[in-house]
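Here is a short note to read alongside the model. Please keep the view open while going through the points.

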Amino acid sequence: MIFSSKQIQKSAIRPANKAEELEKLILKHYMECSRDAPKTSRAYSLCLMLLENIIREDTDSFRQVKTTNAQLGEHLFKFPAGRQLLESIGFFPQTGNIYRNDMEVKYLKTYRTDLEVAFRRYEDFVREGKS
């Protein structure tokens with residue numbers, strides 16, 4: 001599915017509970033990968049790295065990722081929640097095997113913070129044995 005510019009900009013409207021949305025997706029990923037905490041941690045690290053790359057150096061090469069990338073495939077694209085996690089931080093499928101992020105950097109900085117909060121909550125949840 002290809003998203004229009006209007007759909008992408010609408011996704012820039014940050015709900016008050018973005019961190020909660022991300023936390024649910026991280027927990028869903030954890031369940032989909034058979035409660036493999038290191039795999040979920042790596043998925044989080046990859047998402048964080050993708051955001052930080054764009055924030056640090058806003059170039060076209062950092063704004064798109066290939067679904068054929070081995071690390072992204074193993075930890076994100078392999079799982080529905082992984083793809084949803086990417087979309088929730090602004091990466092949307094394009095023609096071919098590309099996901100692209102056209103969000104303004106100011107939104108990505110907020111998403112990065114929300115992602116960090118969500119992952120800390122996830123870690124607390126897993127550490128307390130609620131999984």
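1. In which hand of crossing does α2 pass α3? The crossing of α2 past α3 is right-handed. A crossing is right-handed if the near helix is turned clockwise from the far one by less than a right angle, and left-handed if anticlockwise.

2. Some ground rules come next. This is a predicted model, in which local features need pLDDT of at least 70 and side-chain atom pairs count only at pLDDT 80 or more, while totals for chains, interfaces and linings use all residues. Residues are numbered from 1 along each chain as its sequence is written, and side-chain values use heavy atoms, with hydrogens and water left out.

3. The chain has seven helices and three strands. Helices (H or I, at least four residues) and strands (E, at least two) are DSSP runs, numbered from the N terminus. Read from the N terminus, the order of elements is α-α-α-α-β-α-α-β-β-α.

4. Two packed helices are described by the angle between their axes and the distance between the axes. Helix α2 covers residues 18–32 and helix α3 residues 37–56; their axes come within 9 Å and cross at roughly 140 degrees. Axes are lines fitted to C-alpha atoms, for helices over the stretch in contact, and angles run from 0 to 180 degrees between N-to-C directions. The pair α2 and α3 is therefore oblique. Under the scheme used, angles under 35 degrees are roughly parallel, over 145 roughly antiparallel, 65 to 115 roughly perpendicular, and the rest oblique.

5. Which residues make the contact between α2 and α3? From α2 they are Ile-26, His-29 and Tyr-30, and from α3 they are Ala-37, Lys-39, Thr-40 and Ala-43. Contact means heavy atoms within 4.5 Å. Sorted by class, this contact of α2 with α3 has four nonpolar, two polar and one charged residues. Here Ala, Val, Leu, Ile, Met, Phe, Trp, Tyr, Cys and Pro count as nonpolar, Asp, Glu, Lys and Arg as charged, and the others, Gly among them, as polar.

6. How many salt bridges does the structure hold? There are nine salt bridges, each being a side-chain nitrogen of Lys or Arg within 4 Å of a carboxyl oxygen of Asp or Glu. One of them joins Glu-74 and Lys-78, at 3.6 Å from N to O. Salt bridges also link Lys-39, Glu-74 and Lys-78 in a network.

7. Buried means under 20% relative accessible area, exposed over 50%, and partly exposed in between (1.4 Å probe, protein chains only).

8. A further salt bridge is formed by Arg-127 and Asp-124, with the closest N and O atoms 2.7 Å apart. Both Arg-127 and Asp-124 lie in helix α7 (residues 105–127), three residues apart, about one turn of the helix. Arg-127 is exposed at 62% relative accessibility, whereas Asp-124 is partly exposed at 35%.

9. Is Glu-23 buried or exposed? This residue of helix α2 counts as buried, at 16% relative accessibility. Leaving aside neighbours within four places in sequence, Glu-23 is in contact with Ala-118, Arg-121 and Tyr-122.

10. For the chain as a whole, 42% of the 131 residues count as buried. Among contacts between residues at least 6 apart in sequence, 72% join residues at least 24 apart.
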